[in-house]
Amino acid sequence: MKRKRLTREQSRDQTRQRLLDAAQAMFMKKGFVGASVEDIALAAGYTRGAFYSNFRSKPELLIELLRRDHEAMEAGLNAIFDPALTREQMEAKVQTYYSRLPQDNKCFLLWVEAKLLAAREARFRTRFNEFMKEKREHLAGYIDEFARRVGTPLPLPSDVLALGLIGLCDGVQFLATADPQNVSVQLVENVLAGFFSRVVFGRTLSADGEPQA
């Protein structure tokens, strides 16, 4: 069967995706500083010139990786707002989504690298903070929509809850990544389930960890 020839746009998109995938693997392995443009291009099967034809710099590529991961996370959150779901089903989906985040989020170290870079470089900090502001605003919108759907008043403004939720998830995931022997998956799930049940859902947990009205 004759192989279909890619259009110029398709070929460019393919090159860009391969560079992104290679960069993600290299950043996870060597860190942002340790992974060179040459490392990324070689891992993707291209030249240094191909890299700079698609990205102006490593920081720009890192932001693109974060945006790609954020869009994947948003797709998971969107699934929670199925109109056919009951309150209990929505709550269960939210808890499942966030309690599994330390296992499912394969890009966590990329976010750590980005925060370290933002702390050190003012130019990157500006772009990263703009992106994080956008991320918090999106999450606050989800929280507002959840409260509206289930009819539960929020104990705090949605922007405050969004910041707290991001901080909590980042914190427990960092601990679980650095010390998996003492910060188990079950412990992380219990922490996040307790946060959602008490703070967001306005419920308490039973002795076996199940939400109560």
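Which residues in H1 meet which residues in H7? From H1 you have Gln 24, Phe 27 and Met 28, and from H7 they meet Leu 109, Leu 110 and Glu 113. By type, the residues of that contact split into four nonpolar, one polar and one charged.

Quick caveat before I go on: what you're looking at is a predicted model.

Okay, the overall picture. The chain has 10 helices and two strands. As for the surface, the chain exposes about 12,600 Å², with carbon and sulfur atoms supplying 54% of that.

Now back to H1, residues 8-30. It has 23 residues, and from first C-alpha to last it reaches 32 Å, close to the 33 Å you'd expect at 1.5 Å a residue.

Which residues of H1 are buried? The list is Thr 15, Leu 19, Leu 20, Ala 22, Ala 23, Gln 24, Met 26 and Phe 27. Their cover includes H2 (37-44), H3 (48-54), H4 (58-78) and H7.

Let me take two of those partners in turn. With H7, residues 108-120, the packing angle is about 75° and the axes are 9 Å apart. Anything from 65 to 115 degrees counts as roughly perpendicular, so H1 is roughly perpendicular to H7.

With H4, the axes come within 10 Å and cross at roughly 95°. That makes H1 roughly perpendicular to H4 as well. On the H1 side, this contact involves Arg 16, Gln 17, Leu 19, Leu 20, Asp 21, Ala 23, Gln 24 and Phe 27. Facing them in H4 are Lys 58, Leu 61, Leu 62, Glu 64, Leu 65 and Arg 68. Sorted by type, that contact has seven nonpolar, two polar and five charged residues. Gln 24 and Phe 27 turn up here in the H4 contact, and you'll remember them from the H7 contact too.

Over to H7 itself. It has 13 residues and reaches 19 Å from first C-alpha to last, close to the 18 Å expected at 1.5 Å a residue. Its buried residues are Phe 108, Leu 110, Trp 111, Val 112, Ala 114, Leu 117 and Ala 118. What covers them includes H1, H4, H8 and H9.

Ser 158 lies in H9, residues 158-178. Is Ser 158 buried or exposed? The cut-off for buried is under 20% relative accessible area, and Ser 158 has 11%, so it counts as buried. Leaving out neighbours within four places in sequence, Ser 158 is in contact with Ala 140, Ile 143 and Asp 144.

The H8 residue is Lys 133, in the helix that runs over residues 122-150. Lys 133 has 46% relative accessibility, so it counts as partly exposed. Between Lys 133 and Leu 163 there are 9.7 Å in space, C-alpha to C-alpha, and they are 30 residues apart in sequence.

How values were computed:
Residues numbered from 1 in each chain as written. Predicted model: local features only at pLDDT ≥ 70, side-chain atom pairs only at ≥ 80, totals over all residues. Heavy atoms only, no water. Helix = DSSP H or I, 4+ residues; strand = E, 2+ residues; numbered from the N terminus. Areas by Shrake-Rupley, 256 points an atom, 1.4 Å probe, with all protein chains shown as cover. Axes fitted to C-alpha atoms, helices over the stretch in contact; angles between N-to-C directions. Parallel < 35°, antiparallel > 145°, perpendicular 65-115°, else oblique. Contact = heavy atoms within 4.5 Å. Nonpolar A, V, L, I, M, F, W, Y, C, P; charged D, E, K, R; others polar. Expected span 1.5 Å × (residues − 1). Buried < 20%, exposed > 50% of the residue type's maximum accessible area, 1.4 Å probe, protein only.
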